[in-house]
Amino acid sequence: MIESDDWAVGDVTLTSRFLLGTAGYPSPKVLGESIAASGAQIVTVGLKRQLAAAGDNGFIEMIRAAMNQHGARLLPNTAGCTTAREAIQLAHMARELYDTPWLKLEVVGDEYTLQPDPLELVEAARQLVKDGFTVFPYCTDDLVTAKRLLDAGCPLLMPWGAPIGSGQGLLNPFALRTLRERLPDVVLIVDAGIGAPSHAAQAMEMGFDAVLLNSAVSQSSNPPRMAAAFGQAIEAGRAAFRAGVMARQDFAVATTPVTGNPFLIGE
């Protein structure tokens, strides 16, 4: 029997380790099909983008319907915010509109790389935790910033793999491995920069708890099929991690012994 491999955010137990964004899909129908194909139980949506579009134009209700149909939970985000004050204000609006304390906190410090501002991010996280939010902070792979966010009360971390929407994959595996090794009991979700299912599998093989992505699915020629591919890759990467990925060697090791028994014979 295969043991359960559920994970949790607070008192919410989850089985899927795939978090999916909702921006840039060619149609609401394709988005709904992609959510279904992904098996994702957490779906992100940017409130600022909807406000900039002069209202949600039915988008919010469409998202709610898709979530109800597929059993997904909503994770509003503060994408586009550049200060802690702006992010905090938007977070309170999101909680009122979507009726959830969950929040993906984004505070961008550089318009070119969309890299998070660590000082503003920690400040916003500290206040939002006090205000009763469950904060999912989008951060870099910097260990010190990660520790500050945990000290602020964040229950998990969402370090980037590469700049948002770049599709470059895991640019700094060393830093990500360091986070995983130094924070063994913290839920870590790789967020941003994932471009191919192999990138997602790599993150899961390293022991990360989940992967969040959007553009790699929404910008593909067949989003539902790509969502399914990512779902399979994430499951495979997680299974490989639990099975134990073999250590790399700097030299050749013969796979077929030339002496002795080729198998270990048990009693």
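Analyst: Before we start, one term: two residues are in contact, or touch, when heavy atoms lie within 4.5 Å. The model is predicted, so local features need pLDDT of at least 70 and side-chain atom pairs pLDDT 80 or more, while totals for chains, interfaces and linings use all residues. Residues are numbered from 1 along each chain as its sequence is written, and side-chain values use heavy atoms, leaving out hydrogens and water.

User: Got it. How many helices and strands does the protein have?

Analyst: There are 10 helices and 10 strands. Both are DSSP runs numbered from the N terminus (helices H or I, at least four residues; strands E, at least two). Of the contacts between residues at least 6 apart in sequence, 66% join residues at least 24 apart.

User: What share of the residues counts as buried?

Analyst: For the 267 residues of the protein, the figure is 47%. Buried means under 20% relative accessible area, exposed over 50%, partly exposed in between (1.4 Å probe, protein chains only).

User: And which residues have the most contacts inside the largest nonpolar core?

Analyst: In soluble globular proteins, nonpolar side chains tend to be buried together. A nonpolar core is a set of buried Ala, Val, Leu, Ile, Met, Phe, Trp, Tyr and Cys residues joined through side-chain atoms within 4.5 Å. Here the largest one has 57 residues, and Leu105 and Leu213 have the most contacts inside it. Helix α4 (residues 84-98) gives this core its largest share, seven residues. Setting aside residues up to four places away in sequence, Leu213 touches Phe18, Leu19, Leu20, Gly21, Ile194 and Phe230. A second, separate core has 15 residues, including Trp7, Met158, Ala210 and Leu212.

User: Let's zoom in on Met158. Is Met158 buried or exposed?

Analyst: Met158 has 0% relative accessibility, so it counts as buried. You'll find Met158 in strand β8 (residues 156-159). Beyond four places in sequence, its contacts include Leu19, Lys104, Phe136, Tyr138, Ile189 and Leu212. Ala146 is 12 residues away along the chain, with a C-alpha separation from Met158 of 9.1 Å.
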